[in-house]
Amino acid sequence: MLLLQPPGVYAPQSDTRLLADALRDEALPPGARVLDIGTGTGALALLAARAGAGSVTAVDVSSIAVLTARANAWLHGAKVSVHRGDLFSPVGTGQFQLVLSNPPYVPTAPETGRPGRTDARWDAGRDGRAVVDRLCDEIPDRLAPGGVLLMVHSVVCGHATTMHRLARAGLSVRPVRRARVPFGPVMRSRAAWLRQSGAVGPEQRDEELVVIRAQR
């Protein structure tokens, strides 16, 4: 899929593709309401629209990403409503049959995370869970009965913790896609700190990505 990908917007990569594969495996109910959190270029929102969703809403904290996703939806003739905001804040109290999310999940050293130096595309606190935990806590009330969350992140930030947190909230949880990929530029740039902090092994130069499926 040809997409506009301006600087400063998270471009589709391995985690996006893995989540897209999981989305293709998901049977959308007729008229399904879909929400894509952290949409970036809008790639997953466009895929959901193509899959026959009744309505697709996309959200991102970045104004550049919002403009990009809107432009890509227009270029592809897709009906996607794109809003700027944090997690569920732009969508009121609405519930969805499917929520997609590729949240920021890269562990971030304290000096990297100082105000003005963070990058919302991937920086996610010292353990990489600053956004993931919030999403786990808020998602149960945002899924319609039978609704599904598909979320991708790295094992480096603790997929077992995510699954336990979602299960504790009463959702049925399982991993549906896995892939091992080499460290990208961001992980390579902080590999020494990640090894020192114990987040990755001494010789580790790759990471496992996991798509977690949680159903209400």
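## Exercises on a predicted chain

The accessible surface of the chain comes to about 10100 Å², and 52% of that belongs to carbon and sulfur atoms; areas here come from the Shrake-Rupley method with a 1.4 Å probe, and for residues only the protein chains shown count as cover. This is a predicted model, in which local features need pLDDT of at least 70 and side-chain atom pairs count only at pLDDT 80 or more, while totals for chains, interfaces and linings use all residues. Residues are numbered from 1 along each chain as its sequence is written, and side-chain values use heavy atoms, leaving out hydrogens and water.

### Exercise 1: the fold

Find the order of helices and strands, then judge how compact the chain is.

*Solution.* Start by counting elements: the chain has seven helices and seven strands. Both are DSSP runs numbered from the N terminus, helices being H or I with at least four residues and strands E with at least two. Next, read them from the N terminus: α-β-α-β-α-β-β-α-β-α-β-α-α-β. Now compare sizes: the radius of gyration is 16 Å, close to the 17 Å of the globule rule for 216 residues, so the chain is as compact as a globular protein of that length. That radius is taken over C-alpha atoms, and the rule is 2.2 Å times the number of residues to the power 0.38. Finally, look at contacts (heavy atoms within 4.5 Å): among those between residues at least 6 apart in sequence, 74% join residues at least 24 apart.

### Exercise 2: the cysteines

How many disulfides does the structure hold?

*Solution.* Apply the cut-off: a disulfide is a pair of cysteine sulfur atoms within 2.5 Å. The structure holds zero disulfides. Cys136 is in none, and its nearest cysteine sulfur, that of Cys157, is 9.3 Å away. Cys157 is likewise in no disulfide. To finish, check accessibility: Cys136 is buried, with a relative accessible area of 1%, and Cys157 is buried at 4%.

Conventions:
Buried < 20%, exposed > 50% of the residue type's maximum accessible area, 1.4 Å probe, protein only.
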